[in-house]
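Subject: Structure handover

Hello,

Here is the structure I promised to pass on. Please open it beside this email. My notes follow below.

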Amino acid sequence: MPFALLALLSAGSPARGDEPLPRRIDALVQNGLKAAKISASPRSDDADFLRRVYLDLIGRIPTKAQALTFLDSTDADKRTKLIDELLARPEYGTSLAARWGELIVDRSDDKHNLRAFKLPAFETWLAAEFNKGAGWDAIVSAMLTAEGEIKNNPAGVLIMSNRVNGFPRPEDVASMASRLFMGLPLRCAQCHDHPYVDEWKQKDFWGVAAFFGQVRDHKIVLSNGNENLNPSWSELPNPNAVSEKAYAQRLRAVGQIPPAPGPKIAIPRGSDPDDVKAVMPAKFFLAEAPTLPETGPYRPTFAAWLTAKDNPYFARAAVNRLWAHFFARGLVNPIDDMGPNNPASHPELLQLLEREFKEANFDFKVLMRSICLSETYQRSSRPTKDNADDQEWFSHMPIRTLNPHQLLESYSLALGRTVPINFGNRDIWTAQFMTQDPDEPATKFSHGIPQFLQMMNGSLGTNFVLPVPVRGKSKADIVTDLYLCALSRRPRPEELERMLAHIDRRLSAKAAVYDRAFLEVYWVLLNSAEFVFNR
């Protein structure tokens, strides 16, 4: 973005502090549109808003009954009421937890039974935290400081997902924590000073990693001499675990450097576990080294610093990622590159959201409600003549691909097939639609022939029955019902005419053929481009 334009935006009229947050959001976005000389698209119609807000807040499309209730309502305040209703549903937490589960647990990491056995428990815990209104600060602290067996403390999945050869790697935990919770690509400073940000040095990365340097993986020896392979961690030596000497030997055997004593970490020079370049004490990123006890634990000190309201990174990274959830790009983009060389498109808006998030005690739900109530969010995805090329000023809603979890929930609902909200049965089907990294823009369409074949011919979409009866109603009413079930809207006149013409061609005295004609209509709707996109 041209810096001259950024200056114009920053100099715009500030949003009034006594106005509701949605209006302040709109005012700051409007400043950007004015500076860029771009018009905003009109408000979305009720059908587009309905489907959009269901997908964004609870991860699925509405049922036919839910769609009809909203579309036929004449209540002037129905959008606000719907937003509040969705945020109060348990699917709010499950949808948000599924998204964070994708970010925290590498989808390819099956070698430690992460996805099949540990991820469902983690997401169930995380969903419960979101639904009870726990702050993001408390949730992140729990993940960073988790101890004990993973089956008893699912928050420990974050540590578990950063293992190499079965052992926790402090540098990997530090890299993930800085990327997800600070919005900073510190991994680039792991082997050398950062190549693009002069003030980020290698010692700064390893100072953060040192807080995790004493995390131990305990393989408890059972009475029969075998090891209990259920992962368990602590920062302090465990009397039931192997000795410190034996633990160091196990690490060296797989090419990892043993822990340095106290709140310090050994920096490797290369791949040789005995070749230590330096020993770095624990230090907050670009800040002071705290006074720490020699025996630990150290992670609580880091978690307290990271999640504090005066931390310059934590809230800022969270609201930027939340904005990207709704608009497919952050106010700083890419969302994990919020360094000094990458300014925000709307700096005042980012500051506003950061401040409000802190005042809400880091409750995502408060900000999500305000964003959804804004006109910026409720705009149509249909561009105008002068904003069709806009990708950063939020003049219209971008058309986004459904993520695999949204697609599975919506597809199952449209087919009348229940998918349990326990996360355990998801991966077999959703894995086939995980065609892009979790942090890639949702505007990037990466599905191809394998995904289309699965939609058209896969086990979930074959041998299904219609979700509505085809007796006792007119053909036009049945087609309308099918549109409401699949696309959450009524058909346009030309669509209804085309579908009725197909049905008439297929019409037969045999009931099976009559039913089949409507099945074909529904199959087309479920496999349409409109179904796999959120607009």
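Is aspartate 204 buried or exposed? Aspartate 204 counts as buried, at 4% relative accessibility. Buried means under 20% relative accessible area, exposed means over 50%, and partly exposed lies in between (1.4 Å probe, protein chains only).

First, the ground rules. This is a predicted model, in which local features need pLDDT of at least 70 and side-chain atom pairs count only at pLDDT 80 or more, while totals for chains, interfaces and linings use all residues. Residues are numbered from 1 along each chain as its sequence is written, and side-chain values use heavy atoms, with hydrogens and water left out.

**Overall**

The protein chain has 22 helices and 11 strands. These are DSSP runs numbered from the N terminus: helices are H or I with at least four residues, strands are E with at least two. Of the 535 residues in the protein chain, 54% are buried. The chain exposes about 23,000 Å², and carbon and sulfur atoms supply 54% of that area. Accessible areas come from the Shrake-Rupley method with a 1.4 Å probe; for residues, only the protein chains shown count as cover. Take the contacts (heavy atoms within 4.5 Å) with a separation of 6 or more: residues 24 or more positions apart account for 68% of them.

**Salt bridges**

The structure holds 33 salt bridges. The criterion is a side-chain nitrogen of Lys or Arg within 4 Å of a carboxyl oxygen of Asp or Glu.

Back to aspartate 204. Its salt-bridge partner is lysine 283, with the closest N and O atoms 3.3 Å apart. Aspartate 204 sits in helix H11 (residues 202–209), and lysine 283 in the loop between strand S9 (276–281) and helix H13 (299–306), so the pair ties together parts that are 79 residues apart in sequence. Lysine 283 is buried too, at 15% relative accessibility.

Several salt bridges share partners. They join Asp48, Arg382, Arg489, Arg492, Glu494, Glu495, Glu530 and Arg535 into one network.

Another pair is glutamate 375 with arginine 43, whose closest N and O atoms are 3.1 Å apart. Glutamate 375 lies in the loop between helix H16 (364–373) and strand S10 (400–401). Arginine 43 lies in the loop between helix H2 (21–36) and helix H3 (46–58), so this pair links parts that are 332 residues apart in sequence. Glutamate 375 is partly exposed at 30% relative accessibility. Arginine 43 is partly exposed as well, at 46%.

Glutamate 149 and lysine 151 also form a salt bridge (3.6 Å, N to O). Here glutamate 149 is buried, with a relative accessible area of 18%, whereas lysine 151 is exposed, at 57%.

Two strands pair if DSSP finds at least two bridges between them. Two bridges join S1 to S7 (residues 232–234). Glycine 148 stands opposite tryptophan 233 in S7.

**Helix H10**

H10 covers residues 170–182. Its 13 residues should span 18 Å at 1.5 Å a residue, and its end C-alpha atoms are 17 Å apart, which agrees. The expected span is 1.5 Å times one less than the number of residues. Of those 13 residues, 12 are buried, so H10 is largely enclosed by the rest of the structure. Among the buried ones are Pro170, Glu171, Asp172 and Phe181. Glycine 183 follows H10, and its phi is positive, near 70 degrees.

**Nonpolar cores**

A nonpolar core is a set of buried Ala, Val, Leu, Ile, Met, Phe, Trp, Tyr and Cys residues joined through side-chain atoms within 4.5 Å. The largest has 110 residues; Trp100, Trp136, Met143, Phe181 and Phe364 have the most contacts inside it. Helix H14 (residues 314–327) gives this core its largest share, nine residues.

What does phenylalanine 364 contact, leaving aside its neighbours within four places in sequence? Its contacts are Tyr92, Leu96, Trp100, Phe130, Trp136, Ala318, Leu322 and Phe357. A second, separate core has 31 residues, including Leu55, Cys485, Ile503 and Val532.

Best wishes
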